[in-house]
Amino acid sequence: MYFSIVNSYNYLLILNTGVVIKTTGSCHLVKDGNRIVRCKIRGIFREKNIKITNPVAVGDNVQYESDNHDGGIITRIESRKNYIIRRSSNFSKEAHIIASNIDQALLMIAVSMPETPLEFIDRFLLTAEAYHIPVVLIINKTDLITKDKTEKLQSFKQTYTFAGYTCIEMSVNEKKGIDSLIEIMRNKTNLLAGNSGVGKSSLINLICPDMNLKTMDISVSHKTGKHATTYAEMIPLPSGGYIIDTPGLRGFGIVDIEKNEIGLYFNDIFRISQGCSFYNCTHIHEPGCAVRKAVENGILAPSRYQSYVNIFTDQNEKYRTG
Ligand SMILES: Nc1nc2c(ncn2[C@@H]2O[C@H](COP(=O)(O)OP(=O)(O)OP(=O)(O)O)[C@@H](O)[C@H]2O)c(=O)[nH]1
Ligand SMILES: [Mg+2]
Ligand SMILES: [Zn+2]
């Protein structure tokens with residue numbers, strides 16, 4: 001899209017606008033109607049306290065200048081409705097915006113091959129809640145769930161349904177669970193995130209057969225330490241809306257959330273905390289804590305409480321690293 005304004009010097013300035021669908025280092029692909037323009041950026045775009053490693057993120061609405069068909073220069077990033085951000089590495093003051101302006105995040109996990117750590121899930125959910133982004137959990141690779149893992153799957157679903165999340169069981173290999181997800185995604189911009197190897201790109205290849213995204217057997221990725229997907233990319237859905245494929249995450253470092261806010265964004269803990277004796281209860285040591293009591297009574301999953309404590313006390317470095 002473009003619109004023109006007449007500036008004070010009385011000549012016509014053409015402003016092109018579009019949305020960033022892929023960024024690979026210094027080159028950003030901007031979708032402007034049916035045109036895709038390769039853009040660079042001019043100047044430095046800054047976020048508040050933290051250094052952002054990628055000033056332009058997939059999903060950004062931008063203005064760009066272009067005087068030919070080959071490329072353009074991004075001159076402005078419109079303010080973001082929301083974004084998912086994580087700290088790039090431990091002890092680092094740098095952060096990475098995974099994607100912006102999203103309607104919904106889909107967190108894909110697997111019960112095995114590779115098993116997704118629960119604290120990783122809770123860290124992701126906390127960040128999404130803090131930015132008011134709804135999350136749907138996709139449990140992929142259900143074809144690999146053996147009898148001894150069935151109980152684990154049930155308890156997982158119970159934990160996260162109690163926390164207020166929709167859980168979809170899926171097997172991309174057996175084409176199960178796809179239709180209900182397509183309905184949930186319709187006409188929305190959906191971010192697809194999760195550990196490397198859970199099957200994100202495989203899912204998109206199934207839904208959007210023309211895409212042919214690169215996927216990798218996890219025995220290969222384990223051996224080489226490589227991810228199949230290296231850059232986030234926004235892809236149109238045949239049923240309307242978009243899905244954003246992202247490179248696998250190892251950990252999820254939390255950015256910009258105050259300690260006293262953590263309990264507000266764990267939906268289950270927040271609900272239960274209404275019964276704590278102290279209004280500012282941290283649920284760590286205070287008497288009359290309804291949250292600790294709920295764990296003792298089997299109402300709140302111990303893993304949810306443990307994730308809360310680890311994030312609150314800034315422990316468990318394993319999941320803070322990029
Ligand atoms: N058994 C089984 N394997 C699956 C399923 N879905 C995907 N896979 C396999 O899992 C491996 C990894 O899949 P990818 O789609 O590359 O995973 P990804 O999440 O995109 O990984 P990154 O791009 O590295 O983040 C591939 O060998 C897929 O064939 C499934 O439902 N069941
Ligand atoms: Mg991938
Ligand atoms: Zn409490």
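This is a predicted model: local features need pLDDT of at least 70, side-chain atom pairs count only at pLDDT 80 or more; totals for chains, interfaces and linings use all residues.
Reader: Which residue in E13 stands opposite alanine 105?

Author: Residues are numbered from 1 along each chain as its sequence is written, while chains are lettered from A and ligands numbered from 1 in the order in which they are written. Strands (E, at least two residues) and helices (H or I, at least four) are DSSP runs numbered from the N terminus, and two strands pair if DSSP finds at least two bridges between them. Strand E10 (residues 104-110) pairs with strand E13 (residues 188-194) in the parallel sense over five bridges, and the residue opposite alanine 105 is leucine 191.

Reader: How many residues of E10 are buried?

Author: A residue is buried if 20 or more other C-beta atoms, placed from the backbone, lie within 10 Å of its own; 12 or fewer make a residue exposed, and anything in between partly exposed. E10 has seven residues and is mostly covered. The number buried is six.

Reader: Which helix gives the largest share of the shell around ligand 1?

Author: Two elements each give two or more residues to this shell: helix H5 (218-224) and helix H4 (200-207). The largest share is three residues, and the helix that gives them is H4.
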